[in-house]
Amino acid sequence: MSSLGLYLLRRVALTVPTLLGVTVVIFLLIRLIPGDPARLIAGLTASDEEVRRIRVELGLTRPIHVQYALYLGRLIRGDLGTSAVTRAPVAEEIRWRLGPTVGLAVASTVVAAVLGLAAGTVSAVRRNSALDYLIMSVALFGVSIPVFWLGLMLMLLFSVYLGWFPAGGYGGPASYVLPTITLAAFSIAIVARMTRSSLLETFHQDYVRTARAKGVHEAAVTLRHALRNALIPVLTVVGLQFGALLGGAVLTETTFAWPGIGRLLVNAITSRDYPVIQGIILIFAALYAAINVLVDLLYVYVDPRIRYQ
């Protein structure tokens, strides 16, 4: 087996205990939340007998270690359980909602990577200029601004006053514009600041000075020599931001009535739907682990000197 194959096998093997730890933490934390989920599901007017019946159906009358063992056994068989509210399989509920959320996260990541790289590169090349200060000020604004406030302001301007884009819902490409900008704003700022910092550090390397001494054009020095070597930390940030965007989609999806997994999670938390909450968080953790592995694999294409052992 090649070194890359062994590396992938080792990373997958390390992911298993990580996901197992996630199941333990989430299982215990959810059950520490005050309140009776059976009473919440049954409703305030339900009889004690009805509440007791739901509690038995959810397995809440059993010791907690038995509940976890049964949950883990179902999980190994690929069964995420059944929703306590809709009675539908959790895997089916997540499958229908996962596509819109991943599509929104991918679109936001692409926008953040393209705009962040461009802004960070211009800022580094024009360092200490008025343009540099303007870009970094906008980046600071992007980091500081609350996501839900930005979403509401964009909706007010571009949907209510100008009528350019729909205010909410999931449909054609136009429905992606406002949620994508809202979700990508924070990541654009982070990528721009990281690109600027990494490029300024690379500009002081010997090979960059050598290229300049040979008379290579400044644009070629920046794009061909400096930017490629500055991409490693930027790539790491982009990968981490993609995982953060999946989690951050909860607020954006709620603001724009986006039928994604974030809204499903909010509804599940409100109704204390244990199986759905556990299933969504486990899916998020698995996606996050897969993205980290993918970013590690991309390192070798950015910098061929990297070898997997």
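## Basis of the model

The structure is a predicted model, in which local features need pLDDT of at least 70 and side-chain atom pairs count only at pLDDT 80 or more, while totals for chains, interfaces and linings use all residues. Residues are numbered from 1 along each chain as its sequence is written, and side-chain values use heavy atoms, with hydrogens and water left out.

## Overall layout

The protein chain has twelve helices and zero strands. Helices (H or I, at least four residues) and strands (E, at least two) are DSSP runs, numbered from the N terminus. Along the sequence the pattern reads α-α-α-α-α-α-α-α-α-α-α-α. Taken along the principal axes, the C-alpha atoms fill a box of roughly 85 × 60 × 30 Å.

Of the 309 residues in the protein chain, 39% count as buried. Buried means under 20% relative accessible area, exposed means over 50%, and partly exposed lies in between (1.4 Å probe, protein chains only). A contact means heavy atoms within 4.5 Å. Among contacts between residues at least 6 apart in sequence, 73% join residues at least 24 apart.

## Helices α5 and α6

Two packed helices are described by the angle between their axes and the distance between the axes. Axes are lines fitted to C-alpha atoms, for helices over the stretch in contact, and angles run from 0 to 180 degrees between N-to-C directions. The axes of α5 (residues 90–125) and α6 come within 8 Å and cross at roughly 145 degrees. α5 passes α6 in a left-handed crossing; a crossing is left-handed if the near helix is turned anticlockwise from the far one by less than a right angle, and right-handed if clockwise. Ala119, Val122 and Ser123 of α5 meet Leu131, Asp132, Ile135 and Met136 of α6. By class, this contact of α5 with α6 has five nonpolar residues, one polar and one charged. Here Ala, Val, Leu, Ile, Met, Phe, Trp, Tyr, Cys and Pro count as nonpolar, Asp, Glu, Lys and Arg as charged, and the others, Gly among them, as polar.

The loop between α5 and α6 holds Asn128. Asn128 is not a glycine, although its phi is positive, at about 65 degrees. With 55% relative accessibility, Asn128 counts as exposed. Leu134, found in helix α6, is exposed too, with a relative accessible area of 51%. The C-alpha atoms of Leu134 and Ser123 are separated by 8.8 Å, and the two residues are eleven apart along the chain.

## Helices α6 and α8

Helix α6 (residues 130–144) also packs with helix α8 (residues 174–202), at an angle of about 140 degrees and with the axes 8 Å apart. The two helices are therefore oblique to each other. Angles under 35 degrees count as roughly parallel, over 145 as roughly antiparallel, 65 to 115 as roughly perpendicular and the rest as oblique. The crossing of α6 past α8 is left-handed.

On the α6 side, the contact is made by Asp132, Met136, Ala139, Leu140, Gly142 and Val143; on the α8 side, by Ala185, Phe186, Ala189, Ile190, Ala192, Arg193 and Arg196. The contact of α6 with α8 has nine nonpolar, one polar and three charged residues.

## Helix α10

Val237 lies in helix α10. This residue is buried, with a relative accessible area of 13%. Not counting residues up to four places away in sequence, Val237 touches Ile190, Val191 and Met194. Val237 and Val250 are 13 residues apart in sequence and 20 Å apart in space, C-alpha to C-alpha.

The loop between α10 (218–255) and α11 contains Ala257. Ala257 has a positive phi of about 50 degrees although it is not a glycine. Its relative accessible area is 37%, so Ala257 is partly exposed.

## Helix α11

In helix α11 (residues 261–270), the residues Ile261, Gly262, Leu264, Leu265 and Ala268 are buried. Seen down the axis of α11, these buried residues fall within an arc of 160 degrees, so they line one face of the helix. The arc is that of the directions from the helix axis to the C-beta atoms. Just after α11, Arg272 takes a positive phi of about 55 degrees.

The axes of α5 and α11 come within 7 Å and cross at roughly 135 degrees, and the two helices are therefore oblique to each other. Glu93, Ile94, Arg97, Leu98 and Thr101 in α5 meet Ile261, Gly262, Arg263 and Leu264 in α11. The residues of this contact divide into four nonpolar, two polar and three charged.
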